[in-house]
Amino acid sequence: MYAATQDKIGFGQGNISSSGVEMAEAMNPGYKVRKQKPFSVAVDYYLSLGFRYYVTQKPFFVVIAAGYDLGGAFLATFNGNKTHSVLALSPDVYLINHGVSFRILVSFIGK
């Protein structure tokens, strides 16, 4: 049996394109965008569980595995609240990926 995971996080200054700002302001008359470069956080996660079989046939090591993968990502933008004249754009993106996986790994291990 095997379990594998990988998690990543990143943060920094995002960027909302000029055309995005123009469209948002056109759709919300009387409002101006607060910031075109808001603070953003990105998280990416991955989990795989399954069964594996391995064979050592020198000079190679072969792993055959079948399992289930679950992964996802999201991007969150922090740009404050909308007020009577300020438009706070907060584009948030979510992604979930899952399914059955089959893998064959071959490694050269020498003599």
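Student: What does V33 touch, not counting residues up to four places away in sequence?
Tutor: This is a predicted model, so read everything as computed. V33 touches V21, E25, L87 and L89.

Student: How far apart are the C-alpha atoms of V33 and L89?
Tutor: They are separated by 6.9 Å. Along the chain, the two residues are 56 residues apart.

Student: Which strand holds V33? And is V33 buried or exposed?
Tutor: V33 sits in strand β2, residues 32-33. V33 counts as buried because its relative accessibility is 15%, and the cut-off for buried is under 20%.

Student: Switching topic. How many salt bridges turn up in the whole structure?
Tutor: A search finds 2. One of them pairs the side chains of D44 and K8, at 3.4 Å from N to O. D44 lies in strand β3 and K8 in strand β1 (residues 2-13), so this pair ties together parts 36 residues apart in sequence.

Student: Why would such side chains pair at all?
Tutor: Opposite charges can pair when the charged atoms come close.

Student: How accessible are D44 and K8?
Tutor: D44 is partly exposed, at 30% relative accessibility. K8 is also partly exposed, with 44%.

Student: Which residues meet in a salt bridge of 3.0 Å?
Tutor: R103 and D69, through their side chains, N to O. That pair links distant parts of the chain: R103 is in strand β6 (residues 93-108), D69 is in strand β4 (residues 60-78), and they are 34 residues apart.

Student: What else is S101 in contact with, leaving aside neighbours within four places?
Tutor: Besides D69, the list is Y2, S48, A65, A66, G67 and Y68.

Student: S48 came up there. Where does S48 lie?
Tutor: In strand β3, residues 39-57. S48 is buried, with a relative accessible area of 0%.

Student: Which side chain does S48 join in a polar contact?
Tutor: That of Y2, at 3.3 Å. Leaving aside neighbours within four places, S48 is in contact with residues including Y2, A3, A4 and Y68. Both members of the R103 and D69 salt bridge are among the contacts of S48 too.

Student: Now the surface. Which residues form the nonpolar patch?
Tutor: Y45, L47, L49, Y68, L70, I96, V100 and F102. Together they have about 820 Å² of accessible area. Strands β3, β4 and β6 each give two or more residues to the patch.

Student: Is F102 buried or exposed?
Tutor: F102 is exposed, with a relative accessible area of 69%. F102 lies in strand β6.

Student: Last one. What is the peptide bond from K58 to P59 like?
Tutor: It is cis, with omega near 15°. Most peptide bonds are trans. P59 is found in the loop between β3 and β4.

How values were computed
Residues numbered from 1 in each chain as written. Predicted model: local features only at pLDDT ≥ 70, side-chain atom pairs only at ≥ 80, totals over all residues. Heavy atoms only, no water. Helix = DSSP H or I, 4+ residues; strand = E, 2+ residues; numbered from the N terminus. Buried < 20%, exposed > 50% of the residue type's maximum accessible area, 1.4 Å probe, protein only. Polar contact = N/O pair within 3.5 Å; in protein donor to acceptor, adjacent residues only side chain to side chain. Contact = heavy atoms within 4.5 Å. Salt bridge = Lys/Arg side-chain N within 4 Å of Asp/Glu carboxyl O. Patch = residues over 30% accessible without salt bridge, like charges linked within 9 Å, V, L, I, M, F, W, Y side chains within 5 Å. Areas by Shrake-Rupley, 256 points an atom, 1.4 Å probe, with all protein chains shown as cover.
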